[in-house]
Amino acid sequence: MSPTQWDLPPELCCRPLAFVALTGLDVVYNAVHRAIWDAFCANRRADRVPISFKVLPGDHEYPKCRTKRTSYEWYIPKGILKTGWMNKHLNLVPALVVLFYELDWDDPQWKEKQSECATKVEIVRTSLQGRNTKVAVVLIQKKTPLPPGEDVVASERASALCNACDLSGKSLFVLPHTDHLVGYIIRLENAFYEHAQTYYYTEIRRVKSHKEFLNKTTHQLLFVRHQFKTGFFSELKQDTQNALKYYRTAYGLVHELRAHETNMLEIKTMAGFINYKICRLCFQHNTPLDAIAQFRKHIDLCKKKIGSAELAFEHTAWMSKQFQSFGDLFDEAIKVGLTAIQTQNPGFYYQQAAYYAQERKQQAGQLCSHEPNVGYPTPDPLDTPGAALDFYGQRAWRQGHQSIDPPDPEKEKKGILALQLKEKDIPHSVRVQTDFVILILFSSKDPVKKMLCPSHRHTHMVQMGEEYYHAKDYTKALKLLDYVMCDYRMERWWSLLTSILGTALKCSYLMGHVKDYITYSMELVGRASTLHSEQKSRIEKNLIKVLMNEVPDPEPECDPLSVKAARALWNERVSLAGSNEFTIEVQDYVPFVQCKAKFLSPSFHVDDPVQLNVYLRADCPHPLRFSKLCISLSNQEYNQYCVVEEPCNSKDILEPSIQENMCLVPGKIRKYSFKFVARFEDVGKKIEITGVDLMLGSDSGRCVYLNWRGGGGDAASSHEALQASRSFKRRGPASDSLVNWDTVTIQASTMVISRVPKVSLQLRHEPPALNNEMYCITVTIESQENTAAKDVKLTAGLKPGQDANLTQTTHVTMNGGEMCDDSHPALLPDIPIGDLQPGQKMKKSLFARCVTTGSRIFLFHVSYTMNTSVEGKEITCKCHKDETVTLETVVPFEVAVKFVSTKFENLDRVHVDVPFLLMTDILSASPWPLHLVTSQLQLAPTMAAIDQPESQVEEIVLQTGESASECFSLKCPPVPTGTSSVASGQYVVSWKRKSTCAETPVISTVVTLPHVMVETIPLYVHADLPSFGRVRESLPVRYCMQNRTGLVQDVEMTVEPSDAFMFSGLKQVRIRILPGAEQEMLYNFYPLMAGYQSLPVLNITLMRFPSVAPALLRRFLPSRIFVKPQGRPGDASIAAA
């Protein structure tokens, strides 16, 4: 019996495609024929019709068609489905035979070739021997045919050829061999597909027609057979909906058959075939729930149909294959887009397949354990004449037998014995099944791994590992179990872990793996193991033997033959030299020794020794002695100070040492203290514990180094620490001899920091700083050391790490007599101060200029060196102290500038050569008094002063909120044509803080004056009159008009009367003013009322410049004058006024 007997036949598992045979093509020697064949079969896309093509010779012999039965009255079927039927209709009996023949319509030998073509068609029909297979002819032509109806010769000859070959017009095709060959081939395929559909439809009707001749008494098998055939033909026809319907009917009928031991296997085999078809079509129709329901129904109906009790292993093998096949279907559906869930996924079905495979092995071990003298029966009852059975699921020694009782009991016994011996001799299929499931579970790209929940996956892997162990494949067993143990340690399944460790220990012993044996032994005698103390003692003694380079005792319940081979391997290990040193990374295990290392402080000053403790606790049954304890630090120069070592002989491993310093007593905590002096170069660096190594054994035996990464701990430590923190109760301080293990925490790193400085820094200044001033900060350094502080240096200025803009706008210097500019830095590093004796003070002044406002942090860093002694060792320490101050910079004052007319009216524009006033207001915003040293007006070339400008705020002190004003009389010279605005210049204010030192330089703040709009006026007019008038006394007034153009100006003047004045002069006049000339008009005004009175209004109209409004010209003239009252004779007060 082959191990693959239970595999489903490939013709059942493949997708049925319509079979079309191509004849007349010489694909080997004819290039045209080869191109046609490649177009049919190469690079077939999914959108092309589902057809299976095969090239056959023209005289190929097809399977013979049996004589059609006309009656089933005396017919007794011998089985349900013949083993070759599906393959016959997939690959042997075509639905259509296509004859290719090279013939053009205008061929000169038309008659001869027509007869030859008809002969070949007749040969094909004869070889089909009465089957319903369709026949078609394809003419290979060199020319592209004309559209139908245009070529009369082609139509006539096509009709003649159809008559000669006895073909219908739909069975004759033309294939031009042109550049568009693939397009013509696709059209041919579609036509072939229609013919194949017709053939399979005919076959379905033919099979259905037999139903009327059948009866359910003797023809039950035929009902199943015909339903399966119609379903299979429907699949070939690509009618999957009807195929599913026929398969469901067939499945119901197969379970209606009378079942007994002789036909149980055939019923189950056919039920499995039909179930596979139904499930495959359900997945194809995207109805996975229907497929799952059908499979559950199938298993429920068949799981109790065991058959012969002596061959029960066959039933479990069949069940295993059913689950595996459904898992394959499920997995294929997922790969094409089906979404699975955790409760329904292929992994569940693969797990069940593995379960039944294990059951098969156990049953085979029970049923096939014959005596050694029992031989294989002769002649072989499993031998068949044709090397294959006639019907699926039947026995070789009674093929075609459908009776309840076997025909020959003796043959039945021999057949069963042969099957049992075959099952015993083959490499058991459980190994094949296990490898298959491993491939799925360990494939990272396979979705099954993600779908299985962890507990199921772990259970499955443990089962497989144990199966490998029983199969004596210890390498694979250990690999699987080791993978699962990692998760069980994390999840703290100690009882399960102990069981798996026991199996792993046996595997490592039987393979002679020393390192694995030591590792698993350490865990089994540790705190995570649930073994009894006697078992732990036995394992520990074996571990000691291995450390002494001796052969350990075998583990219980091991196979005797394997133990014998293992002893030989261990003897080889003992005799080998140079391979007796092992390092075990125990961080991922739960060993029998616990370790915790901690620095006594998170940081140490460089003048204090660095101290650390290492705590060890043994959990094994007996005391254990170690040879060496060493701590590895990130700076390896310190490792020499962190070693405990005492050489010992291998016989002393279980004996306590003389000093009892190297012996670990179970349950008791040992503490080892180390200290060393840190190097000066490590100031500011972190020192980390990179590992702790504990050496077991000796150089004369085996050396095993237990290595803890970092400060110790193992796979169970983190959870234990969490539990301890939750259940911790406040206790009083315990002595070092009574250390509570749960309260010891791991501190794996510490910082080396500089010595505590003994200097004081005092800062004196007057905040806030004023923008652009030289702000003075005085720092006083006082030494409080007992010895001289050498090489004292001061770093002062803007603290690094702030906004880059602050760095560019802050400048510092130690020289207060100079003004800082952009060349000065923001930070002065390492200013030498010299040595400071104990109690000595030193003062330094820093001057800072802040160009912009805002907040700044200034740093004052003092560093020095001094000699000191640590643990009797002289070292040089660098000390430093920092002081920072946050300084706010504010604006000292604000300057407001405005342009006004000579009448103090605000101007938004000025006129060329017309006087106006510049007003400046300085408003103090400083919280400290401001000393205005002087001010200066720096006019632009486009602006001129009427008189020499002088400072009017010189040596003025402004308090907060006070202001100082200045006024300058200016005019704007002529400007080039097209200029609309001109620059005014700059206003420079020289100032300093009143309370600052005398040597502080004066700061000059430059205020850029605003640009002003400039206009040219064609006529300028101004008035010349006294500063006041008197009632009823003459008031002479002279109006001067100046023509500022190159044209003669026609000017019309009118004087409007006023109630406050009488006047003499021209009330209305029209004059002409030459270019650049002036014209004066004299008037005598006679005041009538006292007080501020409005003068008579002078209206001037320019005939050539009507756009110039009279109101514009009136702005240059005074509008009011003060009139004094007329005094009495002798009244001196009025005269004085």
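Which residues touch the most other members of the largest nonpolar core? In this predicted model, F592, V614, L616, L629, L633, L694 and L706 do so, out of 81 residues in that core. A nonpolar core is here a set of buried Ala, Val, Leu, Ile, Met, Phe, Trp, Tyr and Cys residues joined through side-chain atoms within 4.5 Å. Buried denotes under 20% relative accessible area, exposed over 50%, and partly exposed the range in between (1.4 Å probe, protein chains only). Helix α18 (residues 494-511) supplies the largest share of this core, with nine residues. A second, separate core of 68 residues includes Y199, L214, F273 and W318. In soluble globular proteins, nonpolar side chains tend to be buried together.

Residues are numbered from 1 along each chain as its sequence is written, and side-chain values use heavy atoms, with hydrogens and water left out. Because the model is predicted, local features need pLDDT of at least 70 and side-chain atom pairs count only at pLDDT 80 or more, whereas totals for chains, interfaces and linings use all residues.

The contacts of L694, one of the residues named for the largest core, were examined individually. Setting aside residues up to four places away in sequence, L694 touches V593, L616, F626, K628, L629, L664, V704, Y705, L706 and W708, a contact being heavy atoms within 4.5 Å.

At the level of the whole chain, 25 helices and 47 strands are present; helices (H or I, at least four residues) and strands (E, at least two) are DSSP runs, numbered from the N terminus. The radius of gyration is 57 Å, well over the 32 Å given by the globule rule for 1137 residues, so the chain is more spread out than a compact globule. This radius is taken over C-alpha atoms, and the globule rule is 2.2 Å times the number of residues to the power 0.38. The C-alpha trace spans about 175 × 120 × 55 Å along its principal axes. Of the 1137 residues in the chain, 47% are buried. Among contacts between residues at least 6 apart in sequence, 74% join residues at least 24 apart.

In α2 (residues 31-41), the buried positions are H33, I36, W37, A39 and F40. Viewed down the axis of α2, these fall within an arc of 160°, so they line one face of the helix; the arc is that of the directions from the helix axis to the C-beta atoms. The cover over the buried residues of α2 includes β1, β2 (51-55), β3 (96-102), β4 (134-141), β5 (172-176) and α6. In helix α3 (residues 85-92), W85, M86, H89 and L90 are buried. Their arc about the α3 axis is within 125°, so these residues likewise line one face of the helix. The buried residues of α3 pack against α1 (10-13), β1 (18-23), α6 (181-208) and α7 (220-236).

A search of the whole structure finds 37 salt bridges, each defined as a side-chain nitrogen of Lys or Arg within 4 Å of a carboxyl oxygen of Asp or Glu. Helix α2 contains both R34 and D38, four residues apart, about one turn of the helix, and these two form a salt bridge with the closest N and O atoms 3.4 Å apart. R34 is partly exposed, at 37% relative accessible area, and D38 is partly exposed at 30%.

A further salt bridge joins R679 to E637, with a closest N to O separation of 3.5 Å. This pair links distant parts of the chain, 42 residues apart: R679 lies in the loop between β14 (669-676) and β15 (686-697), and E637 in the loop between β11 (628-633) and β12 (643-645). The relative accessible area is 29% for R679, which is partly exposed, and 43% for E637, also partly exposed. The side chains of R909 and D908 meet in a salt bridge at 3.7 Å, N to O; R909 is partly exposed at 28%, whereas D908 is exposed at 55%. Salt bridges that share partners also join R527, R617, D619 and D714 into one network.

K994 occupies the loop between β35 (985-993) and β36 (1003-1008) and is partly exposed, at 47% relative accessibility. Leaving out residues up to four places away in sequence, K994 touches P929, H931 and V957. K994 and V1069 are 75 residues apart in sequence and 64 Å apart in space, C-alpha to C-alpha.
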